[in-house]
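My notes follow in the order I checked them.

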Amino acid sequence: MAGERVTYAAVGCGGMGRRHLRGMAKLYQSSMQNMEMVAVCDPVAASAGRLADEAKDLLGARPRVYSDVETMTREMGGDLRAASVTTDSGTHHSVATKCLELGLHVMCEKPIAVTLRGAALMIDTARRVNRTLSIAENYRRDPINRLARALLTDGAIGTPRLMIETSIGGSNQMFMTPWRYQKRSASMPIDAGVHEADIIRYYMGDVRTVWGESRLHEKIRHNPHGTGPGGFYAMYQNQFPDQIEATGDDALYAMITFQSGAICQWIHDHAGHGRPMHQRVVYGSAGSLVSPGDRNGRPLVLHLDGGVTIENEAILDHAPSYRLNPLAAELWGGERVWTYSFEFNETDARIMALEYHELGTCVLTGAKPEVDGDTARRALALNYAPFEAGRLGRPVTTEEMISGRADPYQREIDVELGLLRPVAV
Ligand SMILES: NC(=O)c1ccc[n+]([C@@H]2O[C@H](COP(=O)([O-])OP(=O)(O)OC[C@H]3O[C@@H](n4cnc5c(N)ncnc54)[C@H](O)[C@@H]3O)[C@@H](O)[C@H]2O)c1
């Protein structure tokens with residue numbers, strides 16, 4: 001209905017909860033606001049109170065403050081329709097499932113859950129209670145990734161044959177939070193790697209098999225006492241210990257075969273010393289496409305047979321189907337954007353405005369989110385596949401991953417979280 005706004009609560013008021021608020025502020029400032037923040041929830045009272053104060057400054061009204069979702073939904077009743085879950089990754093399956101059971105539509109941060117059994121619980125619950133479950137997978141909404149996908153589907157490089165996705169760096173430093181180094185709350189190759197898994201599928205399509213290995217290289221991580229992405233983690237990092245013990249693997253090395261027959265070589269090594277390396281390139285039967293990475297606005301580069309290189313507006317001639325949606329066109333200033341130059345936080349907030357607008361639309365119209373539970377689960381299946389393949393000593397299929405038949409790495413997490421009963425001996 002025109003002008004109707006979906007009320008929602010921010011559940012999880014840490015670093016990402018604060019970044020999401022900036023996204024909501026962008027949506028409020030746009031001509032398409034269809035959501036309204038009415039509550040915040042975090043068991044850490046100081047975090048919830050801080051986010052409520054920031055919301056008053058950025059949105060003009062102070063949301064109600066809660067420490068648990070049951071009390072929140074009971075007290076707010078029909079005034080609350082949705083929850084945005086930005087809790088740490090090891091809690092998504094329990095917090096998002098609880099919100100769904102309480103009758104709320106849910107947008108949950110990536111990864112959908114810490115294991116594939118956790119993802120199945122969320123997907124099954126959303127289906128049973130007939131509520132929207134959307135996963136906030138932001139990289140694919142970057143206009144540069146939209147353009148890359150259009151170039152690939154419009155045949156700019158012919159038939160895609162090989163993708164190389166490489167992310168190496170991190171050495172022995174702690175990035176953002178200690179929970180990103182614990183197996184039971186998703187270590188970095190899952191928590192950050194799942195973005196790449198989603199992009200790999202977004203560019204290349206469905207996965208058939210994965211062969212790979214994972215490692216825990218750096219068992220001790222050192223707190224850099226830095227600020228983290230966008231400067232949102234300084235206050236937390238100062239409270240964390242100087243060093244932490246890591247329990248989750250910090251590197252994955254994979255060879256992926258797609259349903260199309262194409263191949264991808266994927267490395268996400270968060271323990272790389274020396275020169276960091278980030279690379280994303282797709283080779284096809286008529287050329288190659290080099291991506292600048294995510295959320296930096298730099299142009300894609302198209303290399304065609306005959307030594308032709310295109311890295312300017314002319315690249316749009318090779319992507320006739322490329323069009324941003326109306327809100328993205330408003331936020332980026334055009335529907336066929338090929339480069340942009342915002343500060344990181346400005347880009348980050350614009351992308352989150354798109355995620356929230358889509359959630360509002362889904363709740364109001366019953367439409368399916370772009371990254372629904374199953375799409376997010378397939379990214380997680382690709383992400384864990386090298387962990388499981390390495391332990392099994394053979395390639396694994398997507399179906400084995402989703403069904404739980406290939407699970408030696410995740411099994412221990414599932415038992416610990418009560419998602420799988422221990423086998424009696
Ligand atoms: N898409 C991206 O670019 C991106 C970037 C950073 C983080 N994230 C994701 O956002 C999520 C949060 O990450 P973060 O860096 O903000 O972590 P964080 O540790 O800074 O914040 C998590 C917050 O959740 C709260 N919380 C825990 N259990 C809760 C519960 N039951 N109810 C309400 N609140 C609860 C914690 O108290 C904490 O304040 C993670 O899943 C992470 O993967 C995504």
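I count a salt bridge when a side-chain nitrogen of Lys or Arg lies within 4 Å of a carboxyl oxygen of Asp or Glu. The model is predicted, and I keep that in mind throughout.

**Entry 1: salt bridges**

I looked up the total, and the structure holds 35 salt bridges. I then went through single pairs.

I began with Asp 191, which pairs with Lys 110 in a salt bridge whose closest N and O atoms are 3.7 Å apart. This pair links distant parts of the chain, 81 residues apart. Asp 191 sits in helix α7 (residues 188-191), while Lys 110 is in the loop between β5 (105-109) and α5 (116-129). Are the two partners buried or exposed? I take under 20% relative accessible area as buried. Asp 191 has 3% relative accessibility, so it counts as buried. Lys 110 has a relative accessible area of 10%, so it is buried as well.

Next I checked Asp 250, which forms a salt bridge with Arg 221; their closest N and O atoms are 3.1 Å apart. The two come from distant parts of the chain, 29 residues apart. I found Asp 250 in the loop between β10 (243-245) and β11 (251-258), and Arg 221 in strand β9 (residues 220-222). Both Asp 250 and Arg 221 are buried.

The next pair was Arg 378 and Glu 399, a salt bridge with its closest N and O atoms 4.0 Å apart. Arg 378 is partly exposed at a relative accessible area of 24%. Glu 399 is partly exposed too, with a relative accessible area of 43%.

I also noted a network of salt bridges that links Arg 117, Asp 407, Arg 411 and Asp 414.

**Entry 2: the ligand site**

Which residues come nearest to the ligand? I listed Met 16, Asp 42, Lys 110, Asp 191 and Tyr 233, out of 28 residues around the ligand. Lys 110 and Asp 191 are already in my notes as a salt-bridge pair.

I then looked at polar atoms facing the ligand's oxygens. A backbone N or O atom of Gly 14 lies 3.4 Å from a ligand oxygen. For Asn 138, a polar side-chain atom is 3.0 Å from an oxygen atom of the ligand. In Arg 180, a side-chain N or O atom is 2.9 Å from an oxygen atom of the ligand. The ligand taken alone exposes 850 Å², and the protein buries 87% of that.

I sorted the shell by class and got 10 nonpolar, 10 polar and eight charged residues. By element, α1 (15-29) and α4 (92-101) each supply at least two residues of the shell. The largest share, three residues, comes from α1.

I looked up His 270 and found it in strand β12 (residues 263-272). His 270 is buried, with a relative accessible area of 9%. Its side chain makes a polar contact of 2.7 Å with the side chain of Tyr 181.

Arg 295 is placed in the loop between β14 (287-291) and β15 (301-304). At 14% relative accessibility, Arg 295 counts as buried. I also checked Arg 295 against Ala 381, 86 residues apart along the chain, and their C-alpha atoms are separated by 24 Å.

**Entry 3: backbone**

I returned to Lys 110, which is joined to Pro 111 by a cis peptide bond with omega about -15 degrees. Pro 111 lies in the loop between β5 and α5.

Which residues other than glycine did I note with a positive phi? Met 176 has phi near 65 degrees. Ala 186 has a phi of about 80 degrees. Met 176 is in the loop between β7 (160-170) and α7, and Ala 186 is in the loop between β7 and α7. Met 176 is buried at a relative accessible area of 6%, and Ala 186 is buried at 0%.

How values were computed. Residues are numbered from 1 along each chain as its sequence is written. This is a predicted model: local features need pLDDT of at least 70, side-chain atom pairs count only at pLDDT 80 or more; totals for chains, interfaces and linings use all residues. Side-chain values use heavy atoms; hydrogens and water are left out. Helices (H or I, at least four residues) and strands (E, at least two) are DSSP runs, numbered from the N terminus. Buried means under 20% relative accessible area, exposed over 50%, partly exposed in between (1.4 Å probe, protein chains only). A residue is near a molecule or strand if one of its heavy atoms lies within 4 Å of it. A polar contact is a pair of N or O atoms within 3.5 Å; within protein, one must be able to donate a hydrogen and the other to accept it, and residues adjacent in sequence count only if both atoms are side-chain atoms. Accessible areas come from the Shrake-Rupley method with a 1.4 Å probe; for residues, only the protein chains shown count as cover. Ala, Val, Leu, Ile, Met, Phe, Trp, Tyr, Cys and Pro count as nonpolar, Asp, Glu, Lys and Arg as charged, and the others, Gly among them, as polar.
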